[in-house]
Amino acid sequence: MRLLPTLFLALNLSLFAVEVPEKLRQHTLPDAARTENSGAWFVDINGDDYEDIIVSNPREYGVFVFVPKEREKKNLQWNEGWSQVMREGKAGDANSLPLIVDSNGRDQGVTFHDGAMWVETTKQRIPFAELLKVPGPAPKSPQDSLKALQLKPGYEAMLVAQEPLVQDPVFIDWDAQRRMWVVEMGDYPFAPGETTKDGSVGQDKVSELQTGRVKILEDTNGDGIYDKASLFLDGLKHPTGLAFWKNGVFIANIPDIFYAEDTDGDGKCDKRETWFTGFTAGNPQHLVNGFCWGLDGWLYGANGDSGGDITCVKTGKKIALGTNDFRFDPRTGEFALEGGRSQYGKWRDDFGNWFGNNNSTIGWHYWLPFRYLERHPEVVAKSVRGNLNDEKRVYPASPPVRRFNQASAVNTLTSGCSPMPFRDTTFGEDGDNVMFICEPANNLVHREVLNYDGPSITSHRHPGDANSEFVASQDNWFRPSMARTGPDGALYVVDMYRLVLEHPEWIPAEISKGLELRGGEDKGRIYRIAKHGPAKAGTTMQDPAVAIASSNGWERDTAQRLLLERGDTSAIPELKKLLAAMPPVRIQAAFTIMELGGVLPEELFVMLKPLAPQVRAATLTATGSANDDVFIDLEKPLLKQTPSKTPANITIPVITNNNPDRQKVVAKYVADTGRLDGDAKRGAVVFQKVCMVCHKVGDLGVEVGPDLKTVATKPREQLIEAIFDPNRAVELRNAATQVTKKDKTLVVGQLASETPGNITIRMPGGAEIVVLRTDIAELKTLTTSIMPEGLESVLTAQDVADVLTFIGGK
């Protein structure tokens, strides 16, 4: 171990008597170790034969673990060098270390030996194992966390459920008795025996709470707060959602969707039957999930980004899920594909339009029905969805804390999930055409307003949230996973309440080992957000035919489901009285009548088409009518999807050479750019010359690879590696797809979309090649990125410094 020079400027360390270890000299020191009188020590605290850095002085402190080349990982800020920050902050805060030097650089008697940091003046001993732990903010009590919520004026929050009644909640819904059913993912991040893909981090059984559960909550005294919990089922593996049917529930539980029922009335599951199996296992953030009740009486679910080869137990069919979402009929067991893919949550509005998203996207509107494409495989479609809103800015209220990956990614949408339209009138104009999206990484719930006046439904930030969010917590442990309309018209927010949100698959192994990965496993909160005033009274549903007239979406869905479960044709006359009601009621009543045999699909089609632009192709196709005129006038321009060409102002750079030693190229550009100042104006020119062929920044460019707004805050070294060694680590969504056609020609690019009749491959420059399925001999996903190697032939070090400055300034 070595004490770094007390006077360290941006000079060659070899000039000093005490030097950086020779094998580490090419690496940049952390800023905290580069200042005068830093009190920095080289010491190997994790036993890997690479010396780490400990800093502590009257200004700041830090513990920086060295990452050797064999442990680095692209896109997660785990680059070679002292990139793993176990802790850092201002001297004197809750996690600070004893001073190594005073303000004059005088040694304070701190030494490092025998596996610990020793402080001579206080006889304090801090084990290296403690230095390797990542301290975080302390959890708050339920009441203190409630006080930490920042709401819009006129709204109030009530804590309706908390630990120990609920723990690790991720999903809720209410049965016809208005009991709240809660899905708890107590085995996050690892079920017993699971590890990361490389095996570096994992857990055996470490807790009795390390399992998936389904609970039933009841409010026994009518005060609006749940006070009784019954364990319906445990022993599940990463459950993500449920849906009611008859006397039981369907549950998504990897690798299955199964039906569970309590047959003897004791509140516990005693009957379990698998309906569908084969959903791919993996990271619990990317698993099959659902479910949402459709107007057609089917249940809809999201792919989760993992896919699978699905066996339908009831019908015997085998269906490849691929990049699609899905639906199934609880009456027959039929399983069908839907346009996708959504990561977490596939939800509809009152008019039958479907929405989904992924972590870095506010939402998508699925405008092109998969059923239409199945009937018309000759229709060439580049995409079945449109972006709601490209904006990614969010406004957290929580204190900024260092993330365990992409540490600088703050105030940016990185964990968007559960895009759910609000389905009641209780919020007045505040709730008109509103959608809520949860953002657990930033501890908030975001609000969008849907716009039905364009070819595809779009959205914009609610005008009341111009520089803020609908719900934002000052508590860093607040992890909302769902915000949905309740039976009383309030918004219910499900808070998993965890310290660590990122899955260890995307956290450096050294940091993972120092984290309390299950911190918060015994906690969980559910909030009711509503306008000030008395809550809407609620009782057990007596007459479903009458309940369909409700302004509340949950009540209409539940009433429709009960009528279809019973096949209650006697309700048809009462339902027909609602065909002149407000559109959401009229639409749901009309679908229910059809499903009960009271009208033909063609008659339902005629009833609904005049309700455009809210009613669109998805709803009209769901009627089951043979009428193919399902697209309203606004949508028809979207059907003219011709394969796009590279925009005229974009040229694809010609790569003239390619050094096979990619890491040597990366190291050279990191070193060379470190000595250069970037210029944003010159960088804009470089971006347009080289980068915009596959990337966007603002309105410039083509989005084939990631939108560079979402990565602009990553460290310079990490971005340089992504530029010059793009195949070091490849996310599935950015992997290349190779199509071998029957005429022996090859097409290689990004799989942009797939339909029953064709797939669309997006090429550099944004050009899209549509390949008919009848022309495909083989389709496979490669392990390489769509980004080419060899950009050193067209980019100088100054070009790179300039373009990184341009991107960062955006």
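In the hairpin formed by E7 and E8, four residues lie between the strands, and Lys123 adopts a positive phi near 60°. The structure is a predicted model, in which local features need pLDDT of at least 70 and side-chain atom pairs count only at pLDDT 80 or more, while totals for chains, interfaces and linings use all residues. Residues are numbered from 1 along each chain as its sequence is written, and side-chain values use heavy atoms, with hydrogens and water left out.

Across the pairing, Trp118 stands opposite Arg125 in E8. Strands (E, at least two residues) and helices (H or I, at least four) are DSSP runs, numbered from the N terminus.

Helix H9 (residues 601–608) has Leu604, Phe605 and Leu608 buried, where buried means under 20% relative accessible area, exposed over 50%, and partly exposed in between (1.4 Å probe, protein chains only). Seen down the axis of H9, the buried residues fall within an arc of 105°, so they line one face of the helix; the arc is that of the directions from the helix axis to the C-beta atoms. An α-helix has 3.6 residues a turn, so residues three or four places apart point the same way. The cover over the buried residues of H9 includes helix H8 (583–595) and helix H10 (617–622).

Glu521 sits in the loop between helix H4 (509–513) and strand E38 (525–531), and is buried, with a relative accessible area of 18%. Its side chain makes polar contacts with the side chains of Ser207, at 2.9 Å, and Arg518, at 2.5 Å. A polar contact is a pair of N or O atoms within 3.5 Å; within protein, one must be able to donate a hydrogen and the other to accept it, and residues adjacent in sequence count only if both atoms are side-chain atoms. Not counting residues up to four places away in sequence, Glu521 touches Gln167, Asp168, Ser207, Leu209 and Arg498, contact meaning heavy atoms within 4.5 Å.

Asp628, in the loop between H10 and helix H11 (662–673), is partly exposed, with a relative accessible area of 30%. The side chain of Asp628 makes a polar contact of 2.8 Å with that of Arg375. Neighbours within four places in sequence aside, Asp628 is in contact with Tyr372, Arg375 and His376. From C-alpha to C-alpha, Asp628 and His376 are 9.6 Å apart in space, with a separation of 252 residues in sequence.

Methods
Pairing = 2+ DSSP bridges.
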